Amino acid sequence: MRGNEHYDVVIIGSGPGGGTMAWRLAQTGKRILLLERGDYLPRERENWDSQAVFIDARYQAKETWYGADGKSFRPGLHYFVGGNSKVYGGVLLRLRERDFGEIQHPDGISPAWPLGYDVFEPYYQRAEELYYVHGLRGEDPTEPPSKKPYAYPPITHEARIQELFDGLKREGHHPFHLPVGILLDERDGKALPHSACIRCDAFDGYPCMTNGKADAQIVCVDPTLRAYPNLTLLTNSYVDKLTTDSEGRRISGVNVLRGGEQTTYSGDIVIVACGALSSALLMLRSGNGDHPNGLANGSGQVGRNYMRHNNAVLIAISRTPNPTKFQKTLGLNDFYFGSDDWEFPLGHIQMVGKSDGVQIEGEGLPGFLQWFPEMPFDWLAKHSLDFWLTSEDLPLPENRIYYDKDRITLDLTPTNMEGQRRLREKLRVLCGKLDVHPHLFERTLYLGQNVPIGGTAHQAGTMRFGTDPSQSVLDLNCRAHEIDNLYVTDAGFFPSIGAVNPTLTIIANALRVGDHIAERLR
Ligand SMILES: Cc1cc2nc3c(=O)[nH]c(=O)nc-3n(C[C@H](O)[C@H](O)[C@H](O)COP(=O)(O)OP(=O)(O)OC[C@H]3O[C@@H](n4cnc5c(N)ncnc54)[C@H](O)[C@@H]3O)c2cc1C
Ligand code: SF4
């Protein structure tokens, strides 16, 4: 084992939660160590190859986890500098203001957050600016209040999506321009020659070969490494365990496995941002005499209350061809909190990256088209409109991640599936009115293999924050109740997940906690 090197701050995980924190804290001038278990994601032709990305799952972690039924699955995780944001869709939405309060669902209550939207609002603004969010305020009636417009203009719709947008408006709906984090400079719907993003058809789920996606590596980690010599990044550095001092009140060591060697680092402050599932696992495997059930787990809540959204990717077949390349520009929240025939929330609809023939072939042909004489994958792809539907799931204590001896086990009982079913039905009916065949079929490969349990993209809630140490793991600054120098800044702190993509909230919270830690370091 190698000796103990000391830093002011050690950050574990370089995704949006850890990468944003590195960006924020490097500005303090303190010595910061950023530890990442993965390497840089290679820039290569396969980045944009549907077969490699979705069918061969080239960039997905090669890990085997287990469900409570003992069946194995491969979690939809990506271990790289930048974390899962290397493949994310870049849709960066704020939670709705009401999401911060208690919301009744048919299967139970989505609990209130201990801090209101007003606390997060200025950090949402900063997060949107930092991650190049392109959007337009004022179109979506569920949009929470904001003090400033988006710093970057909305991404223009291509012709078929503009038709859909106009059609939805004619039907009395409120489609809106999706807020997307992207390094795009466009004019008349075309990327300008210097723009990093070229508006291609491989946005969502693919890594970006031209570094045009506003992910944590491109936006935070790399620029900070260039500008601040006080930040050190170590890749291929898996944090195996955290150790505590003789009283069990401070993290005294961060044990790292790197190239077959074990090294220990220490920090005045240790920030864990491994992703909600992996952070809980790190706590659980770091248990010791003072923390017999896992670090900071006197409440027994570490690993519990796991949420991941009820997600579906649905393909509808347009009667006219859909030659759109960059499809991820339209969202609809008209059923977010309910509908005329149901009092409970249904969820959120957005466009997802355009499918191609290879992906559709990988899914298998939908039953209702079996009568086609030949397998018309390319024809289907040319006519497809691809939608992403998200409904809120609830933080059940029984939904949890834990070690069963050496096996990583994830218990998952889905909740609120009725809201998701009704949302699909609303979309199906809308399609019938909008020159689209009223059949929807599922594209599961985007969500990762072995969905629902393997669909870990929106992991949240395994170490929730709160004021009561018997019911929560973290305090309001996302510091562990039981360990003075330990913070967690991934989505583990979420008490509920709402029905919009989680990452802007992770980034905003990292900036909020970053301000608190910067103050503490002064
Ligand atoms: C296909 C896909 C599409 C998505 N699209 C969207 C979207 O459009 N909008 C949105 O808001 N969200 C989206 N998401 C979710 C988004 O990627 C996550 O919410 C976000 O990346 C979470 O950030 P994080 O920093 O908490 O965790 P992660 O991004 O998971 O980062 C954690 C990092 O910690 C590292 N790590 C883990 N364990 C250890 C360890 N023991 N030692 C050292 N390092 C470790 C990991 O390698 C990883 O780099 C998508 C996800 C996927 C997979
Ligand atoms: S659309 Fe832009 S950001 Fe997305 S993969 Fe293509 S070039 Fe990269």
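Select alanine 57, in the loop between helix H2 (50–55) and strand E3 (65–67). Helices (H or I, at least four residues) and strands (E, at least two) are DSSP runs, numbered from the N terminus. This is a predicted model, in which local features need pLDDT of at least 70 and side-chain atom pairs count only at pLDDT 80 or more, while totals for chains, interfaces and linings use all residues. Residues are numbered from 1 along each chain as its sequence is written, and chains are lettered from A and ligands numbered from 1 in the order in which they are written.

Alanine 57 is not a glycine, yet its phi is positive, at about 50 degrees. Most residues other than glycine have a negative phi. Is alanine 57 buried or partly exposed? It is partly exposed, with 16 other C-beta atoms within 10 Å. The cut-offs are 20 or more other C-beta atoms within 10 Å of a residue's own for buried, 12 or fewer for exposed, and partly exposed in between, with C-beta atoms placed from the backbone.

Asparagine 416 counts as buried, with 23 C-beta neighbours inside 10 Å.

Now select helix H4, residues 159–170. Colour Ile161, Leu164 and Leu168, which are buried. These residues cover an arc of only 55 degrees around the axis, which puts them on the same side of H4; the arc is that of the directions from the helix axis to the C-beta atoms. Ala159, Lys169 and Arg170, on the other side of H4, are exposed. The cover over the buried residues includes strand E17 (330–332), strand E18 (348–351) and strand E19 (384–391). After H4 comes glycine 172, with a positive phi near 90 degrees.

Helix H6 (276–285) is the next stop. Nine of its 10 residues are buried, so H6 is largely enclosed by the rest of the structure. Among what covers them are strand E15 (261–272), strand E20 (401–404) and strand E23 (486–488).

For the ligands, a residue is near if its C-beta atom, placed from the backbone, lies within 6 Å. Which residues come nearest to ligand 1? Of the 39 around it, they are Gly13, Gly15, Gly83, Gly89 and Asp490. Elements giving two or more residues to this shell include H6 and helix H10 (503–521), while H1 gives the most, with three. The shell divides into 18 nonpolar, 18 polar and three charged residues.

Around ligand 2 there are 13 residues, of which Cys197, Cys200, Phe203, Cys208 and Gly212 come nearest.

Finish with the largest nonpolar core, which has 133 residues. A nonpolar core is a set of buried Ala, Val, Leu, Ile, Met, Phe, Trp, Tyr and Cys residues joined through C-beta atoms within 7 Å. Val10, Ile11 and Phe387 are among those with the most contacts inside it. H10 gives the most to this core, with eight residues. Apart from it lies another core, of 10 residues, including Val87, Tyr88, Ala202 and Phe203.

How values were computed:
Nonpolar A, V, L, I, M, F, W, Y, C, P; charged D, E, K, R; others polar. Expected span 1.5 Å × (residues − 1). Contact = placed C-beta atoms within 7 Å.
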